[in-house]
Amino acid sequence: MIAPDYHTPTHPTYCSPHRPRITPHSRPEPSHASSVYMSPPPTSSSFLTRSLAPARLLIAHPIAAAISISCFLATGLIMYFAQGRVAYCACRRLNLWSGNVWSSHCSQHVLDPYSFTHFSHGLILYFFFSLLAPYISRPSHPARFAATLVVAAAWEILENSPFIINRYRTATMSLDYLGDSVTNALGDILCAALGYLAAHRLGLRNTTILFILIELLLLILIRDNLTTNIIMLIHPIDALKTWQSAGHAPA
Ligand SMILES: [Zn+2]
């Protein structure tokens with residue numbers, strides 16, 4: 001089988017100066033042959049293009065970018081100055097990741113297993129705002145991205161309020177929880193933003209599969225996930241708390 005030549009100047013599909021203009025009404029029925037010729041081969045730049053998509057999104061939409069960046073920075077300032085959160089873990093080690101959710105390093109470095117629950121926030125918020133779209137003048141993708149950042153930032157401030165911290169300490173497995181460091185909270189917001197962008201790329205079916213996988217993996221590894229987190233915050237179940245606490249590795 002001979003591979004089609006996409007670059008030959010005489011190829012009628014791409015280069016004929018007399019190629020008829022294709023409108024929605026005149027678009028020909030797709031056939032195997034035409035779909036082969038109309039689809040350019042994957043190039044090495046396509047990965048780079050996809051990787052830069054978030055940056056392009058913000059550069060092309062300055063208002064959404066301004067809202068997103070303002071929320072991000074304002075959260076750090078509010079947490080540090082108004083809520084008295086520490087900037088970083090007391091250990092001062094420059095570890096990006098802290099894997100032990102029962103250690104004092106959890107929620108103090110940039111990323112930890114709970115970062116995945118914030119990634120899942122982004123997955124959910126993407127479809128939440130997509131569902132709302134028909135009712136609020138169909139906000140654009142950048143507007144929904146900015147809205148996701150607003151919600152993620154607001155949640156970080158709420159999550160580090162005395163009410164929620166005490167709720168975590170009394171009702172959930174997080175008995176020693178003292179709130180997030182500013183660095184960890186900003187990492188959580190970035191995870192939510194990544195979750196939103198992932199959902200935009202993956203679509204509903206693959207996002208649902210990814211969400212379920214994350215929930216199962218967290219349940220197996222740390223006996224906690226977004227679902228149990230919400231359950232224990234709203235309506236604590238003693239049996240669940242006992243099971244979660246039993247996973248606590250002895251110090
Ligand atoms: Zn630490």
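This is a predicted model: local features need pLDDT of at least 70, side-chain atom pairs count only at pLDDT 80 or more; totals for chains, interfaces and linings use all residues.
1. The phi of serine 107 is near 65°, a positive value in a residue other than glycine. Most residues other than glycine have a negative phi.

2. Arginine 223 also has a positive phi, of about 55°, although it is not a glycine. The loop that holds arginine 223 runs between H9 and helix H10 (226-234). Is arginine 223 buried or partly exposed? With 17 C-beta neighbours inside 10 Å, arginine 223 counts as partly exposed, whereas a residue needs 20 or more to be called buried.

3. For the chain as a whole, the secondary structure comes to 11 helices and zero strands, so that the order of elements from the N terminus reads α-α-α-α-α-α-α-α-α-α-α. Buried residues account for 29% of the 251 residues in the chain. Among contacts between residues at least 6 apart in sequence, 68% join residues that are at least 24 apart.

4. Confidence should be kept in view when the model is read. The mean pLDDT of the chain is 81, and 75% of its residues reach 70 or more. Confidence is lowest in helix H1 (residues 12-15), where the mean is 40, and highest in helix H9 (residues 182-222), where it is 96. Over residues 1-40 the pLDDT is below 50, and this stretch has 12 contacts in the model beyond near neighbours in sequence.

5. Helices H5 and H7 pack at an angle of about 5°, with their axes 8 Å apart. Because angles under 35 degrees count as roughly parallel, H5 and H7 are roughly parallel to each other. From H5 the contact includes Ala64, Ile67, Cys71 and Phe72, and from H7 it includes Pro142, Phe145, Leu149 and Val150. By class, the contact of H5 with H7 has 15 nonpolar, two polar and one charged residues.

6. Helix H7 (residues 141-159) also meets helix H6 (residues 115-132), and their axes come within 10 Å and cross at roughly 130°. That angle makes H6 oblique to H7, and the crossing of the two helices is right-handed. His121, Gly122, Leu125, Tyr126 and Phe129 of H6 make the contact with Arg144, Ala147, Thr148, Val151 and Ala152 of H7. The residues of this contact divide into six nonpolar, three polar and one charged.

7. How do the axes of H6 and H9 cross, and within what distance do they come? The axes of H6 and H9 come within 5 Å and cross at roughly 85°, which makes H6 roughly perpendicular to H9. The residues in the contact of H6 with H9 divide into 18 nonpolar, nine polar and one charged.

8. Serine 115, which lies in helix H6, is buried, with 21 other C-beta atoms within 10 Å. Leaving aside its neighbours within four places in sequence, serine 115 is in contact with Gly187, Asp188 and Cys191. Serine 115 and leucine 190 are 75 residues apart in sequence, and their C-alpha atoms are 9.3 Å apart in space.

9. Alanine 185 is found in helix H9, and this residue is buried, with 28 other C-beta atoms within 10 Å. Which residues does alanine 185 touch, not counting those up to four places away in sequence? They are Thr75, Met79, Glu156, Asn160 and Asp180. The C-alpha atoms of alanine 185 and alanine 153 are separated by 8.4 Å, although the two residues are 32 residues apart along the chain. Thr75 and Met79 of H5, together with Glu156 of H7, also take part in the contact between those two helices.

Definitions and conventions. Residues are numbered from 1 along each chain as its sequence is written. Helices (H or I, at least four residues) and strands (E, at least two) are DSSP runs, numbered from the N terminus. A residue is buried if 20 or more other C-beta atoms lie within 10 Å of its own, exposed if 12 or fewer, and partly exposed in between; C-beta atoms are placed from the backbone. Two residues are in contact if their C-beta atoms, placed from the backbone, lie within 7 Å. Axes are lines fitted to C-alpha atoms, for helices over the stretch in contact, and angles run from 0 to 180 degrees between N-to-C directions. Angles under 35 degrees count as roughly parallel, over 145 as roughly antiparallel, 65 to 115 as roughly perpendicular and the rest as oblique. A crossing is left-handed if the near helix is turned anticlockwise from the far one by less than a right angle, and right-handed if clockwise. Ala, Val, Leu, Ile, Met, Phe, Trp, Tyr, Cys and Pro count as nonpolar, Asp, Glu, Lys and Arg as charged, and the others, Gly among them, as polar. pLDDT is the predictor's confidence in each residue, from 0 to 100.
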